[in-house]
Amino acid sequence: MAMAVNAAAEAEKARALLQTFSSASVAASVGLGVFCFCADRLLQLSLIQSHLWLRAAADNAVHAAIAIWAWAIVIGLRKRSDLCEVALAGFFASVIDLDHFYLAGSLSLKAAVSLPHRPPLHCSTLIPVLCLSLRLLMWLFRLKDSWCFLPWMLFIALASHHVRDGVRHGLWVWPLGNTAPVPYWLYVGISATLPHLCSVLMYLTGTRDVISTKHGVAIDV
């Protein structure tokens with residue numbers, strides 16, 4: 001009897017993992033890749049490039065939109081409360097750029113985009129450190145399972161932001177230094193597949209089972 005129950009549980013987990021790669025989620029990922037390409041082309045318009053504030057705001061908005069889209073693929077948009085969750089992912093991806101002003105020590109945008117070196121939150125080594133630290137804090141304070149998605153959301157927000165910035169500057173991997181600039185096709189590919197990588201990791205760590213009760217496993221973007 002116990003073996004039958006375990007087999008049924010494993011079958012359900014396998015079904016949940018397969019739904020991570022459903023036709024709807026794959027189509028959404030292709031759409032995300034197309035969005036990345038089109039958004040970056042739009043940012044090259046002279047109207048945007050000739051205005052510093054407009055260029056910075058548009059670039060930051062694209063960071064947020066990519067994180068929103070990616071997290072929507074991970075959880076699916078099945079009810080109204082999910083909109084708040086994907087908006088939070090966009091906020092995380094957007095707020096990262098505030099460290100430019102922190103390092104500049106000024107609210108001047110010109111100073112913020114003319115830094116001698118990259119600001120702290122743009123160090124890619126921090127991605128696993130911050131995500132694991134958040135997970136540890138949640139465990140220490142015994143936060144409810146309904147919040148278990150936060151480290152993964154932070155991972156999506158940080159990783160998508162860093163990879164996109166990496167096209168121009170490479171990835172800053174302390175203490176090794178900077179990598180070569182990320183090829184554009186690789187950035188688009190990583191952005192499109194990042195939600196699926198996140199879903200697989202969540203499945204392997206058991207997080208997927210927990211949030212399935214909250215969102216359901218079917219992808220509906």
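Asp-40, Asp-59, Arg-164, Asp-165 and Arg-168 are linked in a network of salt bridges. The model is predicted. The protein chain has 11 helices and two strands. Of its 221 residues, 39% are buried.

**Salt bridges**

- The whole structure contains four salt bridges.
- One of them joins the side chains of Arg-164 and Asp-40, at 3.0 Å from N to O. Arg-164 sits in helix α9 and Asp-40 in helix α2, so this pair ties together parts that are 124 residues apart in sequence. Both Arg-164 and Asp-40 are buried.
- Arg-164 also meets Asp-59 in a salt bridge, again at 3.0 Å from N to O. Asp-59 lies in helix α4 and Arg-164 in helix α9, so the pair ties together parts that are 105 residues apart in sequence. Asp-59 is buried, as is Arg-164.
- Asp-165 forms a salt bridge with Arg-168, and their closest N and O atoms are 2.9 Å apart. Both residues lie in helix α9, three residues apart, or about one turn of the helix.
- Asp-165 has 6% relative accessibility, under the 20% cut-off, so Asp-165 counts as buried.
- Arg-168 has a relative accessible area of 48%, which falls between 20% and 50%, so Arg-168 is partly exposed.

**Fold and chain layout**

- From the N terminus on, the elements run α-α-α-α-α-α-α-α-α-β-β-α-α.
- Consider contacts in the protein chain with a separation of 6 or more: residues 24 or more positions apart account for 67% of them.
- The accessible surface of the protein chain comes to about 12100 Å². Carbon and sulfur atoms hold 72% of that surface.

**Nonpolar core**

- The largest nonpolar core has 37 residues. Trp-71, Val-74, Phe-155, Ile-156, Tyr-187 and Cys-198 have the most contacts inside this core.
- The elements giving two or more residues to this core are α2 (23-43), α4 (52-75), α5 (81-95), α8 (126-140), α9 (150-169) and α10 (184-205).

**Spans annotated in UniProt**

- An unreviewed UniProt entry lists residues 52-74, 147-164 and 184-204 as "transmembrane region".
- Residues 147-164 are 83% helix and 0% strand in the model. The end C-alpha atoms of this span lie 27 Å apart.
- Residues 184-204 are 100% helix and 0% strand. The end C-alpha atoms of residues 184-204 are 30 Å apart.

**Nonpolar surface patch**

- Leu-136, Leu-137, Trp-139, Leu-140, Phe-141, Leu-143 and Trp-147 make a nonpolar surface patch of about 810 Å².
- Leu-136 is placed in helix α8. The relative accessible area of Leu-136 is 47%, between the 20% and 50% cut-offs, so Leu-136 is partly exposed.
- Leu-136 and Pro-151 are 15 residues apart along the chain, and their C-alpha atoms are separated by 9.7 Å.
- Leu-143 is found in the loop between α8 and α9. With a relative accessible area of 44%, Leu-143 is partly exposed.

**Local details**

- The peptide bond from Trp-174 to Pro-175 is cis, with omega near 5°. Most peptide bonds are trans. Pro-175 is found in the loop between β1 (172-173) and β2 (177-178).
- Ala-65 is in helix α4.
- Ala-65 and Ala-93 are 28 residues apart along the chain. Their C-alpha atoms are separated by 8.6 Å.

Note on methods:
Residues are numbered from 1 along each chain as its sequence is written. This is a predicted model: local features need pLDDT of at least 70, side-chain atom pairs count only at pLDDT 80 or more; totals for chains, interfaces and linings use all residues. Side-chain values use heavy atoms; hydrogens and water are left out. A nonpolar core is a set of buried Ala, Val, Leu, Ile, Met, Phe, Trp, Tyr and Cys residues joined through side-chain atoms within 4.5 Å. Buried means under 20% relative accessible area, exposed over 50%, partly exposed in between (1.4 Å probe, protein chains only). Helices (H or I, at least four residues) and strands (E, at least two) are DSSP runs, numbered from the N terminus. Contact means heavy atoms within 4.5 Å. Accessible areas come from the Shrake-Rupley method with a 1.4 Å probe; for residues, only the protein chains shown count as cover. Patches are made of residues with over 30% relative accessible area and no salt bridge: like charges are joined within 9 Å, nonpolar side chains (Val, Leu, Ile, Met, Phe, Trp, Tyr) within 5 Å. UniProt positions are given in the numbering used here, feature names are shortened, and annotations may be inferred rather than shown by experiment.
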